[in-house]
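Hi,

Here is the structure I promised to pass on.

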Amino acid sequence: MDLALTVNGREVRAAIEPHELLLDFLRDRLGLTGAKRSCDVQVCGTCTVLVEGQPVSACTYLAADAQGRRVLTIEGFAQSPEFERFEEAFLRHAALQCGYCTPGLLLTIKSLRDSGELASEADIRHGLDGNLCRCTGYRSILEAARELAA
Amino acid sequence: MTVLERPRLTEVGVSRPRKDGREKLSGQAQYVGDMEVAGMLHGKVLRSPVAHAGIESINVSAALELDGVAAVLTGSDLDDIEPYYGHAIKDRPIIALDRVRFAGEPVAAVAALDEATAEAAVRAIQVEYEELPVLGTLEQALASDAPRLHDRRPELGLFHGLGELGEQRGNVCYLHTIVGGDIERARAEAEITVEGTYTFPAVYQYAMETHATIAHHHGDAVTLWANCQHPFLVQAEIADLFGLEVGSVRIMVPYLGGGFGSKSYTKMEPLTVALARKAGRPVRIVNRVEESMVTTRRHGMRCWMRTMADRDGTLLAREVHFWLDTGAYADNGPRVTATAADAAPGPYRFEAAEVQGYCVYCNTPPSGSYRAFGATHLQWIGELQVDEVAHRAGVDPLELRRRCLLVPGEPVRPDGSGKPLDADLIGDVERVAAAVGWDGPRRAWVGRGVSVGLLAAGAHPVSRASVRLSADGSVDVYVGTTELGQGPRTVMAQIAAEELGLSSELVRVHGADTRFTPYDRSTGASRSTTIAGLAVKRAADAVGERLRETASELWDVDPTLVELVGGQAVVSGEEISLPDLIAKRFGFRGGEIIEGGEVRPTGGDTGSYAEGPYFWEVCVAGAEVEVEPETGVINVLRTATIADVGKAINPQLVERQDEGATLQGIGNALFEEMRLVDGLVTNDNLLEYRIPRLSDLPQRMRSIIVENEDGPGPYGAKGCGEGAFAAVPAAIACALADAGVPMRELPLTPERVWRRIQELAGQPQREDQSHD
């Protein structure tokens with residue numbers, strides 16, 4: 001089937017399989033490898049990208065469902081002026097180690113922030129509970145998110 | 001009297017931001033699964049659905065007929081090599097030959113133009129199995145009539161490291177015994193005896209990036225891109241397996257998405273190389289989670305322990321027997337067994353101790369390294385018994401530890417061998433006790449615990465590094481340490497910068513490429529900062545020597561008077577920038593200074609098992625927990641851990657290590673468990689295998705850094721990041737016992753805890769169950 005969508009502000013057209021996953025489409029066809037594969041069952045949050053500003057797990061989201069929609073990956077977000085604040089907050093708190101979960105986490109925080117769902121401590125704890133991190137122990141991520149919420 | 005003024009450190013001890021931070025945050029950091037090489041095929045593995053069977057036949061013809069399939073590998077393709085590997089014991093074929101010993105064992109592998117085709121081909125392969133009795137548990141494997149899982153004569157692997165391999169009896173792959181003192185006398189003297197049988201579950205490391213390898217076998221050479229922690233050991237094993245020269249095997253290691261031991265030693269590399277050899281083209285294999293779960297895991301364990309004390313609680317002796325389920329192949333089981341045996345007595349002044357650790361083959365997925373192995377298995381058991389002794393003697397558990405813990409200089413091993421204690425454990429445990437409010441008032445169903453242990457970090461003192469100062473004054477550090485999140489690229493840059501008197505911003509640290517990077521034994525056992533860091537320091541020192549030499553020629557002064565500070569060479573009244581100094585040395589703006597640094601055994605510190613660890617990694621934590629009696633749910637209120645690091649090169653990274661270890665410890669203590677039924681992992685996905693989330697963060701979590709500069713590494717540093725893992729489950733189990741619920745099985749799931757509460761309610765109340 002033919003797919004037309006916007007990825008990181010650029011229009012993309014491709015002939016895809018109807019069952020193709022958005023994660024494979026981004027990684028294999030577009031070379032956007034910032035979204036990582038891990039659990040494959042929408043638990044870990046590592047493959048999170050934004051579709052129309054909403055976080056989705058690209059490992060269980062059909063590329064076909066992104067038809068006509070705007071997709072933002074970490075590569076696109078990193079080009080925006082807003083990214084610098086995120087970068088500085090995460091660096092200051094050393095809120096990353098291996099870095100594998102980091103792109104998904106940054107996009108989740110961005111989405112929460114844009115939709116006003118990062119206002120309270122409870123928001124942060126609830127909003128980030130779906131992004132696993134095996135390295136950091138979360139405290140530093142929480143602190144970086146608090147800083148970005150302020 | 002002359003007081004030697006110690007130069008102030010400007011880079012070391014400072015929390016510099018991560019060198020790899022921006023690359024990782026922007027999604028640019030490359031992991032093996034992100035990489036493609038020209039002509040690369042995609043590999044998929046057919047894994048056995050049964051835990052124990054003979055292979056009657058394999059029919060691959062339907063798979064080969066599919067468009068896009070380049071090669072199908074089975075055991076019959078390995079007739080020209082000796083296909084067994086294993087760094088400890090060479091007991092594992094690259095791919096099942098005529099028998100499968102665990103569910104998940106590779107039986108065939110396909111290389112195809114894309115992953116979907118490879119998957120379809122794997123499904124088209126037909127295998128006939130003749131099922132054999134499954135030894136799915138330790139009890140089944142140890143039964144007197146159990147069939148032997150390995151009938152080949154055991155052959156030592158290249159990196160056994162434990163001396164001679166004893167005779168293997170039945171399914172016992174390795175036996176480790178430690179005996180010291182007169183246990184009979186202690187038994188006769190003891191007035192308090194605590195004993196019991198305990199269970200520790202199989203656990204999955206879950207590095208979020210699964211095992212991934214790209215291999216190319218071309219002519220008499222192999223090139224690998226692999227997410228391995230120990231590239232130089234993998235290089236040697238691959239060369240050995242495929243009959244190649246070590247130097248013709250090249251391994252490049254990009255960033256790793258976590259390791260925690262799961263990527264130590266050799267994992268998916270031999271199979272990927274064999275498939276690439278068959279296909280004649282590069283092949284990439286990236287595991288899915290369910291495949292990595294059966295690639296390696298933490299050993300499940302049964303343990304019987306008895307602790308003996310005199311009437312006032314003073315510890316006299318301990319006896320320990322434990323059995324580790326190492327799965328179908330040894331992997332790192334022997335070392336895990338030895339390390340567990342070292343952790344079994346606990347760091348107490350015993351008159352006698354006897355430890356027997358059995359590493360047992362079962363028809364279960366192979367077990368290997370996971371952060372703080374051995375110590376995590378044993379510490380919670382030993383510390384529960386110490387608390388029980390204190391309870392029976394009517395002594396405060398903290399006071400009993402003050403009385404009986406070893407002090408620096410005392411022998412740690414009951415037989416007196418190995419390195420004596422090199423840390424202030426009493427000071428450490430007092431700090432965590434204070435941090436969890438030890439003497440504060442107690443509410444009902446709230447308990448506090450402290451735990452103390454030692455991890456015999458198997459940190460082999462073999463590392464080389466080189467430091468290269470370019471003409472522009474920037475620096476490259478070549479060191480084989482793998483960056484798996486723990487931060488060596490940052491720490492090594494700080495060490496080199498400190499020695500050269502320049503900013504770490506000018507230093508680049510690279511991933512390992514065995515063709516160019518100097519040898520480093522491994523990334524594990526908390527050895528990187530201590531040992532590889534020392535090699536980097538020596539290399540940077542040597543570069544500094546060349547600079548001083550040039551400056552002394554320039555100014556006609558003694559080189560020892562030249563200081564390197566602020567990116568300049570300085571003597572009183574003279575200063576010159578490093579780029580200008582290098583230009584003086586070579587007569588133009590070019591050239592470079594490149595020097596090596598080495599750490600090797602110098603007598604008594606070979607890192608061999610017998611000589612004991614290079615340093616004892618300290619495992620100390622405290623916890624305060626609340627249990628909900630109606631549900632059995634445990635809430636972790638407070639944790640405190642000790643990072644007894646000698647010297648924190650980057651304090652923020654040290655804290656992150658212990659915070660990460662704390663959460664992994666909470667997961668292991670409270671809910672992580674691979675549920676094995678007849679050898680099958682019944683929860684092989686992240687929906688059913690739960691790891692800690694943000695909401696599992698304790699209400700308060702403290703990481704306390706202790707810097708006594710008593711380590712063998714640079715600036716007195718020693719390893720960290722594992723100890724807290726062993727200590728946290730122990731502190732939680734002790735805190736739960738203090739709250740009135742002593743448990744003998746991990747994880748402490750609500751159901752288990754609730755059942756125990758019901759069971760205890762039916763028994764006469766223990767004094768400590770009534771709280772005010």
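In which hand of crossing does α6(B) pass α7(B)? The crossing is right-handed (right-handed if the near helix is turned clockwise from the far one by less than a right angle, left-handed if anticlockwise).

Before the rest, some housekeeping. This is a predicted model, in which local features need pLDDT of at least 70 and side-chain atom pairs count only at pLDDT 80 or more, while totals for chains, interfaces and linings use all residues. Residues are numbered from 1 along each chain as its sequence is written, chains are lettered from A and ligands numbered from 1 in the order in which they are written, and side-chain values use heavy atoms, with hydrogens and water left out. Helices (H or I, at least four residues) and strands (E, at least two) are DSSP runs numbered from the N terminus.

**The helix pair in chain B**

Back to that crossing. Helix α6 (residues 231-242) of chain B and helix α7 (residues 269-279) of chain B have axes that come within 10 Å and cross at roughly 45 degrees. That makes α6(B) oblique to α7(B). For the cut-offs, under 35 degrees is roughly parallel, over 145 roughly antiparallel, 65 to 115 roughly perpendicular and the rest oblique. Axes are lines fitted to C-alpha atoms, for helices over the stretch in contact, and angles run from 0 to 180 degrees between N-to-C directions.

On the α6(B) side, B:V234, B:I238, B:L241 and B:F242 meet B:E269, B:P270, B:V273, B:A274 and B:R277 of α7(B); contact means heavy atoms within 4.5 Å. By class, the residues of this contact are seven nonpolar, no polar and two charged. Here Ala, Val, Leu, Ile, Met, Phe, Trp, Tyr, Cys and Pro count as nonpolar, Asp, Glu, Lys and Arg as charged, and the others, Gly among them, as polar.

**The seven-stranded sheet**

Next, an open sheet of seven strands in chain B, with the order β3-β7-β1-β14-β11-β12-β13 and mixed pairing. Two strands pair if DSSP finds at least two bridges between them. β3 and β13 of chain B are at the edges with a single partner strand each, so one side of each has no neighbour in the sheet. From one strand to the next the twist averages 20 degrees.

Two helices pack on this sheet. Helix α3 (residues 115-124) of chain B touches β1 (41-47), β3 and β7 of chain B, and its direction makes about 25 degrees with that of β1(B). α7(B), from the helix pair above, touches β1, β3, β7, β11, β12 and β14 (283-286) of chain B, at about 40 degrees to the direction of β11(B).

Have a look at strand β12 (residues 221-226) of chain B: six of its six residues are buried, so the strand is largely enclosed by the rest of the structure. Buried means under 20% relative accessible area, exposed over 50%, and partly exposed in between (1.4 Å probe, protein chains only). B:A221, B:T223 and B:W225 point one way from β12(B), while B:V222, B:L224 and B:A226 point the other way.

Strand β11 (residues 212-218) of chain B runs antiparallel to β12(B), joined by six bridges, with B:H218 opposite B:A221. The two strands form a hairpin with two residues between them, and B:G219 in the turn has a positive phi of about 60 degrees. On to strand β13 (residues 249-252) of chain B: four bridges join β12(B) to β13(B), and these two run parallel. B:T223 is opposite B:R250, and B:L224 is opposite B:I251.

β3(B) pairs antiparallel with strand β7 (residues 106-112) of chain B over four bridges, and B:L73 stands opposite B:A109.

**One tryptophan**

B:W754 is in helix α18 (residues 750-761) of chain B. At 34% relative accessibility, B:W754 counts as partly exposed. Leaving aside neighbours within four places in sequence, B:W754 is in contact with B:P629, B:E630, B:T631 and B:G632.

Cheers
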